[in-house]
Amino acid sequence: MKFLDEAKVYIRSGDGGNGCVSFRREKFIEFGGPNGGDGGKGGDVIAEAVNGLNTLIDYRYQQHYKAKNGRAGMGKDRHGASGADMVMKVPAGTQVYEEDGETLLADLAAVGQHAVLARGGNGGFGNTRFKSATNRAPRNANPGQPGEERTIRLRLKLIADAGIVGLPNAGKSTFLAAVSAARPKIADYPFTTLHPQLGVVEIDGRGFVLADIPGLIEGAHEGIGLGDRFLGHVERCRALLHIVDGTSEHAGEAYKTVRTELAAYGEGLTDKSEIVVLNKADALTPEQLKQQTARLERAAKTAPLVISAATGAGVPEAVRALLQVMSPVRAADEEASIGAEAWSP
Ligand SMILES: Nc1nc2c(ncn2[C@@H]2O[C@H](COP(=O)(O)OP(=O)(O)OP(=O)(O)O)[C@@H](O)[C@H]2O)c(=O)[nH]1
Ligand SMILES: [Mg+2]
């Protein structure tokens, strides 16, 4: 599946229909009076968060969204029909910004939330509306009001309960694959993962959504590597799983590098509960393991859990530790709502 988390689209709401100038004309009825109807309202452009989507890829292929215009009023007091709304379906977690990318217009965090992004123009009044005691044959009607047009930016911040962070090659995707039905690409070179992946983790009758994002490296906040732009996807997580590669040169330094990038990104990422794990224990000698664990403990100021994402050793314990810091989590049966497959051992 293709993934896209930013899109720029042009939207336009419908124009209102014009009011009508018309007079009642019937045989034997003199001075029938005005009977021009009002124009219909133009359609709105609405964004709605729906189930079953977790990318904005559709907005790469269609970038113009227009609502229908209202119809003009007609004689015999007939009002014009309103124009149909244009509903843009977006995944939950989508934020809508002005063209500048900074002014937030709407934040659609949950399925079912919607926001009107451009309001349709009102229809004009027909001449019936202008009749009065002194003007019994008004020959004026209002034009419909024009719709609004604007360019907006959509930005998706995936809704996951927990997120995995770490340097490239730490084994983040291996961990996600070990605990969920997600099948991310895994390889022994950095930046295997190019965009975020979600998986549903189920353990002890509870379930949560775990996000795997591309690795961070020193200077990510300045755009080095894939940069820190994917950190937006863990902004709303309740906990972070920080995976450190035990075979890296210095586990403590590896940990600090990532923490520095999280701090530089801001948005409260460093305030989140964090579970620190030392991965690839299977590939270490007992002495190396001891040394790396001690280094990591010194840097993180907490004893890391030792795991092997490849063999599965320590993995259930790490998942339970995550659950513990982020409870209360949703019940497992609610997970169907995000459209990912559940995993069972
Ligand atoms: N020996 C051993 N190798 C592991 C373990 N976990 C991951 N690996 C290997 O480490 C390499 C990188 O794993 P990935 O899961 O792709 O790493 P990643 O953190 O997702 O990397 P990026 O997506 O590039 O950021 C792969 O060759 C894995 O097979 C482990 O527990 N033990
Ligand atoms: Mg990966």
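What is the mean pLDDT of the protein, and what percentage of its residues reach 70 or more? The mean is 90, and 94% of the residues reach 70 or more, where pLDDT is the predictor's confidence in each residue, from 0 to 100. This is a predicted model, in which local features need pLDDT of at least 70 and side-chain atom pairs count only at pLDDT 80 or more, while totals for chains, interfaces and linings use all residues. Residues are numbered from 1 along each chain as its sequence is written, chains are lettered from A and ligands numbered from 1 in the order in which they are written, and side-chain values use heavy atoms, with hydrogens and water left out.

**View 1. The magnesium ion (ligand 2) and its coordinating residues.** S173, through OG, and T193, through OG1, coordinate the ion at 1.9 to 2.0 Å; donors are N, O and S atoms within 2.8 Å of the metal (3.2 Å for Na, K and Ca), and because water is not among the atoms, sites may look incomplete. The pair links distant parts of the chain, 20 residues apart, with S173 in helix α2 (residues 172-179) and T193 in the loop between α2 and β10 (197-203). Helices (H or I, at least four residues) and strands (E, at least two) are DSSP runs, numbered from the N terminus. S173 counts as buried because its relative accessibility is 8%, and T193 is likewise buried, at 10%; buried means under 20% relative accessible area, exposed over 50% and partly exposed in between (1.4 Å probe, protein chains only).

**View 2. Polar pairs at ligand 1.** Oxygen atoms of ligand 1 lie 2.7 Å from a polar side-chain atom of T193, 3.1 Å from a backbone N or O atom of A170 and 3.3 Å from a backbone N or O atom of G215. The protein covers 86% of the 650 Å² of accessible area that ligand 1 has on its own, by the Shrake-Rupley method with a 1.4 Å probe, where for residues only the protein chains shown count as cover.

**View 3. Helix α2 and its cover.** Six of the eight residues of α2 are buried, namely K172, S173, F175, L176, A177 and V179. What covers these buried residues includes β9 (162-165), β10, β11 (206-212), β12 (239-245) and α5 (315-326).

**View 4. T128 in the loop between β7 (114-118) and β8 (149-156).** The side chain of T128 reaches the backbone oxygen of G36 at 2.8 Å.

Terms used:
A polar contact is a pair of N or O atoms within 3.5 Å; within protein, one must be able to donate a hydrogen and the other to accept it, and residues adjacent in sequence count only if both atoms are side-chain atoms. Contact means heavy atoms within 4.5 Å.
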